[in-house]
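Morning, everyone. I'll take one model today and go through an interface and a surface patch.

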Amino acid sequence: MTEKFINARGLQCPGPVVELFKVAKASQSGDVLTIEVTDSGFKKDIAAWCKKTGNELVSLVEEDGVTKAVIRKG
Amino acid sequence: MSSKTLIMFSGDLDKAMAGLIIANGAAAMGDDVTMFYTFWGLNVLRKAQKIAVRKSFMEKMFGWMMPRGAEKLGLSKMNFGGMGASMMKGIMKKKKVNSLPELIKSAQDLGVKFIACTMSMDVMGIRKEELIDGIEFAGVATYLGEADQSNVNLFI
């Protein structure tokens with residue numbers, strides 16, 4: 001299992017999911033990806049993305065305008 | 001895996017961006033995406049530089065009057081002779097929204113299939129050499145074949 005971090009702060013829609021997709025594509029099942037995003041729509045988007053792509057949303061927290069999502073690759 | 005098809009009819013900056021944001025998003029969700037560029041939409045795919053090709057007088061006129069490429073498009077509303085588009089691009093840059101050329105590049109990198117409608121190209125006198133690299137050339141049957149497989153189809 002590998003842990004990866006994606007800094008998507010400052011990126012606007014659809015930037016964060018595009019970056020996440022690229023990293024997820026290059027990852028193995030079970031890998032844990034952490035992404036930090038400032039786009040406010042991402043909080044809803046990440047759930048839809050995980051559901052659609054078959055990945056698990058482990059946690060989702062927002063602090064000081066930054067959304068931090070932890071995803072386990074399915 | 002599902003697929004999405006988009007008919008890109010408009011040559012307006014805002015509409016071209018909307019379509020490409022959806023295309024990038026869909027590709028990032030793991031979908032196959034096909035964008036069928038037709039009529040005014042072809043201007044989005046024109047290369048910025050002038051390409052030397054043989055054209056009739058009418059075709060040349062068309063070429064002069066239409067925007068040459070993604071950087072030159074106007075807004076569908078409040079364009080004010082291009083001033084609106086410039087202002088919008090300025091605001092978007094400030095807010096770190098990807099520009100239209102960046103969205104096209106990103107979509108191509110994600111494997112979005114770009115198809116230019118050959119009939120529209122013929123009507124408007126646009127040659128293959130004048131359009132950006134990495135695109136396919138086909139007609140309505142190719143688009144319909146893709147649309148049959150897709151679960152979302154948009155006309156923009």
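I'll start with the ground rules, then the interface, then the patch.

This is a predicted model, where local features need pLDDT of at least 70, side-chain atom pairs count only at pLDDT 80 or more, and totals for chains, interfaces and linings use all residues. Residues are numbered from 1 along each chain as its sequence is written, chains are lettered from A in the order in which they are written, and side-chain values use heavy atoms, without hydrogens or water.

Now the interface. Chain B brings 16 residues to the contact and chain A brings 12 residues (contact: heavy atoms within 4.5 Å). About 1,100 Å² is buried between chain B and chain A, with carbon and sulfur atoms giving 69% of that. Buried area is the accessible area, with a 1.4 Å probe, that two parts lose on being put together, summed over both. On chain B, Ala28(B), Met29(B) and Leu110(B) supply 46% of the area buried against chain A, more than any other three residues.

How many salt bridges cross between chain B and chain A? The rule finds 1 (a side-chain nitrogen of Lys or Arg within 4 Å of a carboxyl oxygen of Asp or Glu). Lys52(A) pairs with Asp31(B) in a salt bridge, closest N and O atoms 3.0 Å apart.

Next, the patch. Phe57(B), Met58(B), Trp64(B) and Met65(B) make a nonpolar surface patch of about 560 Å². Patch residues have over 30% relative accessible area and no salt bridge; nonpolar side chains are joined within 5 Å, like charges within 9 Å. Met65(B) counts as exposed because its relative accessibility is 63% (exposed is over 50%, buried under 20%, partly exposed in between, 1.4 Å probe, protein chains only).

How values were computed. Accessible areas come from the Shrake-Rupley method with a 1.4 Å probe; for residues, only the protein chains shown count as cover.
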